[in-house]
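Please turn to the structure as it is displayed, and I shall then take its features in turn.

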Amino acid sequence: MTLSNTPSLAPSSPARIELPLPTTGPSESFKEPAADGFVLGGFAWRHSLQNTNRPVVIINAATSVRCRHYFRFADYLFANGFDVMVYDYRGIGESRPDSLRGFKASWSDWGALDFEAMLQRATREFPGQPIDVVAHSFGGCAAGLAASAEAIRRLVTVGAQFAYWRDYASASRWRMFIKWHLFMPLMTKFYGYFPGKRLGWLEDTPAGVVHDWSTPAARYEERPSGRVIAAKAQGLPFATVTAQTLAISLSDDPYGTISAIERLLGYFKASSNTHLRIAPEDIGEVEVGHFAFFRSPYQATLWPIALSWLQNGELHPDTPGRLVPRSVPT
């Protein structure tokens, strides 16, 4: 029996099993031009022999998180038989220009141009192989903004949403609103970009991305760059996604509340969507939050959940957590 048709899961303490230790690192670095000519930087884990039955996984990062944050998880997928690509959105990490002051980049650029370029590269560099995606935070939204998103076979998102402030966890909502919707745009106006690195708040971030993030709109097409892409395409591209989609959320993630996850899932109307909600105590932990899923201490407890979905398109019966009944916030 799979969990896809089960309304809830009893909390459990999964067995600590021995898993392949990720020790390989990327087999190559690459540069890939987007359609507008901007050159993106990334890394690939590539098996020596091509196999059209072997999926290639693209990892979409969270807003202003470098792709290197996902190296250990990419190692893990590679050790379990996948080819893997990670990359940085324009303005971040391997894709950062000499100066961010005046640099043009938006959330929609990250999806419609940068992720699209990765889909095109995967099709070219791994011909005939299925394309899967693992997406963290905004990376889940980016997955629905690419014109070629219908190529995605399976999609796993973690804490995926687009930062509507009313969806933030109630205990921290106003503190987060002040931090991300008042202080961040104010600092961006002064510097010409958000100097997140010197503040210890993620990476430095282009002003256009900050403008998208800090706009307090409930619909993505009401964000500044969302309005542009929706007008050009007469709607957003999300409906082209037909992937088997697993949305993982953590109960102590102040960004990834149920309403926030469901708000984004509501855009993926043509895909089969499963929302798995995990509490830290379900896996014997005190906290996990928004960023820790991809850290190696969770290799034995959380990573196999994503692996099972990528391998089989379903959850193992012993998966911790509960399934959230589908709803679409207004």
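Predicted model: local features only at pLDDT ≥ 70, side-chain atom pairs only at ≥ 80, totals over all residues.

How many disulfides does the structure hold? The structure holds 0 disulfides, a disulfide being a pair of cysteine sulfur atoms within 2.5 Å. Cysteine 67 is in no disulfide, and the nearest cysteine sulfur, that of cysteine 141, is 20 Å away. Seen from cysteine 141, the closest cysteine sulfur is that of cysteine 67, and 20 Å is too far for a bond. Cysteine 67 is buried, with a relative accessible area of 1%, where buried means under 20% relative accessible area, exposed over 50%, and partly exposed in between, with a 1.4 Å probe and protein chains only. Cysteine 141 is also buried, at 0% relative accessibility.

Residues are numbered from 1 along each chain as its sequence is written, and side-chain values use heavy atoms, with hydrogens and water left out.

I turn now to helix α1, residues 71–79; helices (H or I, at least four residues) and strands (E, at least two) are DSSP runs, numbered from the N terminus. Helix α1 is mostly covered, with 7 of its 9 residues buried. Those buried residues are Phe71, Phe73, Ala74, Asp75, Tyr76, Leu77 and Phe78. Their cover includes strands β2 (39–45), β3 (56–60), β4 (83–87) and β5 (131–136), together with helix α9 (303–312). Just after α1, glycine 81 takes a positive phi of about 100°.

Next, aspartate 114, which is found in helix α2, residues 107–125. Aspartate 114 is buried, at a relative accessible area of 0%. Its side chain makes a polar contact of 2.8 Å with the side chain of arginine 90; a polar contact is a pair of N or O atoms within 3.5 Å, and within protein one must be able to donate a hydrogen and the other to accept it, with residues adjacent in sequence counting only if both atoms are side-chain atoms. Beyond its neighbours within four places in sequence, aspartate 114 is in contact (heavy atoms within 4.5 Å) with residues including Ala34, Leu40 and Tyr87.

Which side chains does serine 249 meet in polar contacts? The side chain of serine 249 is joined to that of histidine 275 by a polar contact of 2.8 Å, and to that of arginine 277 by one of 3.0 Å. Serine 249 lies in strand β9, residues 244–250, and is buried, with a relative accessible area of 0%. Leaving out residues up to four places away in sequence, serine 249 also touches Gly256, Ile261, Leu276 and Ile278, among others.

Finally, the second largest pocket. Its lining residues are Ser106, Ser108, Asp109, Ala112, Ser225, Val228, Ile229 and Lys232. The elements that give two or more residues to this lining are α2 and α7 (224–233). Helix α7 supplies the largest share, 4 residues.

Thank you for your attention.

Key:
1 Å grid on protein atoms, 1.4 Å probe; cavity = no way out; pocket = protein on both sides within 12 Å on 5 of 7 lines; lining within 4 Å.
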